[in-house]
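Work through the exercises below with the coordinates open. Try each task before reading its solution.

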Amino acid sequence: MPTPIIFDTDPGVDDAQAIAIALAHPDIELLGLTTTFGNVTIEVATQNALLLAELAGQSIPVAQGAAGPLVKPKNPPPGHIHGDNGLGNIELPQVSTQALKQSAAQFIVEQVNARPGEVVLVAVGPLGNLAAALQLDPTLVDKVKRVVVMGGSIREGGNVTPVAEANIFNDPHAAARVLQADWPLTLVGLDATHRCVLDPQSMARIVEAQGRLGKVLGESYDFYRAFYQQALGIDGCCPHDSCALVWLMRPDLFRVERGYLSVVTDGLAEGQTLMAPERREFVDPRWSQGNVAEVCMNADGPGVIDWIVDTLATPPSH
């Protein structure tokens with residue numbers, strides 16, 4: 001049986017790659033895309049989500065969600081990384097479909113309650129929609145099968161501040177609620193995603209196999225690749241958001257540690273994710289609150305890229 005997922009996303013370039021995987025993989029049942037601000041504004045995120053599903057020739061519900069953080073002022077979108085339109089400033093076709101009337105949080109609550117114990121929430125942007133869904137229905141913690149979050153960094157350091165990863169930094173208060181909620185959670189952060197580089201040859205194979213969607217993936221990748229060459233000195237890009245789906249389908253490609261997560265919500269270390277290992281005792285219980293999570297601390301980079309290419313470069317069966 002395919003795994004039913006809701007993919008919560010702020011479609012920039014690496015989100016688009018991950019959405020392509022969710023649309024293509026035979027063992028994933030994509031129940032819907034929920035959108036959030038982050039890489040782009042909420043309006044652009046929703047347009048991009050609708051467009052990517054259309055280009056893949058699939059009819060997928062899209063529900064619009066959080067337009068800004070719970071508490072802190074909103075940071076401007078990182079146009080220099082993803083482009084102002086989230087997809088490398090390339091020219092995009094018009095969108096003919098529309099988002100649902102329902103909010104992202106309502107959609108999450110409804111879908112999870114319709115299939116208790118089955119649905120996996122995969123969140124690859126700031127975590128406001130999951131925080132809002134928890135507020136609407138606190139019993140979600142017992143009804144989701146698992147929550148997979150692309151975000152955070154334990155030992156790797158940050159990518160938007162010296163210590164904070166972008167998704168967590170964009171809404172640290174929402175992240176604190178989601179990462180400490182009493183549901184089964186896996187964090188796929190920079191400790192794992194920075195081990196994976198989607199190189200130009202691999203991308204060329206994906207572009208060739210993905211038709212109209214492939215064209216957008218390829219052109220947006222070029223913009224993102226230029227950013228990575230300058231920022232990290234690598235030729236390619238880290239497919240951060242795809243890694244969350246790779247973990248879901250191939251957890252054997254990751255090294256996982258278990259621990260308690262917390263998020264620094266203000267001050268100089270705002271947005272930092274901390275993990276207190278499960279079996280260690282510290283001077284005081286503050287660091288060991290909430291639920292024990294699984295945290296990806298390393299990844300088999302070449303294995304992850306091979307899996308992504310196999311998924312996207314194989315002609316779709318439908």
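Lys and Arg count as positive here, Asp and Glu as negative, while His and the chain ends are not counted. The model is a predicted one.

**Exercise 1. Charge**

Find how far apart the mean positions of the positive and negative charges are.

Solution. Start with the counts: the protein has 20 positive and 36 negative charges. Take the mean position of each set.

**Exercise 2. Overall form**

Decide whether the radius of gyration agrees or disagrees with that of a compact globule.

Solution. Step one: the chain has 318 residues, so a compact globule would have a radius of gyration near 20 Å. Step two: the protein has 18 Å, which agrees. Along the principal axes, the C-alpha atoms fill roughly 55 × 45 × 40 Å. Of the 318 residues, 57% count as buried. Among contacts with a separation of 6 or more, 80% join residues 24 or more positions apart. Step five: take the surface. The accessible area is about 12900 Å², and carbon and sulfur atoms hold 51% of that. The secondary structure comes to 13 helices and nine strands.

**Exercise 3. Cysteines**

Determine how many disulfides the whole structure holds.

Solution. The search finds zero. Check Cys196: its nearest cysteine sulfur belongs to Cys243, 4.0 Å away. A disulfide needs the two sulfur atoms within 2.5 Å, so Cys196 is in none. Now Cys237. The closest cysteine sulfur is that of Cys238, at 7.0 Å, which is too far for a bond. Burial comes next. Cys196 is buried, at a relative accessible area of 0%. Cys237 is also buried, at 0%.

**Exercise 4. Two sites**

Classify Ser242 and Pro77 as buried, partly exposed or exposed, and list their contacts beyond four places in sequence.

Solution. Ser242 sits in helix H12, residues 240–249. Its relative accessible area is 1%; the limit for buried is under 20%, so Ser242 is buried. Its contacts are Asp14, Gln17, Ala18, Ile21 and Ile308.

Pro77 belongs to the loop between strand S3 (62–64) and helix H3 (79–82). Its relative accessibility is 35%, so Pro77 counts as partly exposed. Pro77 touches Gly38, Asn39, Val40 and Thr41. Take Thr41: 36 residues separate it from Pro77 in sequence, yet the C-alpha atoms of the pair are 6.8 Å apart.

Terms used. Residues numbered from 1 in each chain as written. Predicted model: local features only at pLDDT ≥ 70, side-chain atom pairs only at ≥ 80, totals over all residues. Heavy atoms only, no water. Buried < 20%, exposed > 50% of the residue type's maximum accessible area, 1.4 Å probe, protein only. Helix = DSSP H or I, 4+ residues; strand = E, 2+ residues; numbered from the N terminus. Contact = heavy atoms within 4.5 Å. Rg over C-alpha atoms; globule rule 2.2 N^0.38 Å. Areas by Shrake-Rupley, 256 points an atom, 1.4 Å probe, with all protein chains shown as cover. Charge placed at Lys NZ, Arg CZ, Asp CG, Glu CD.
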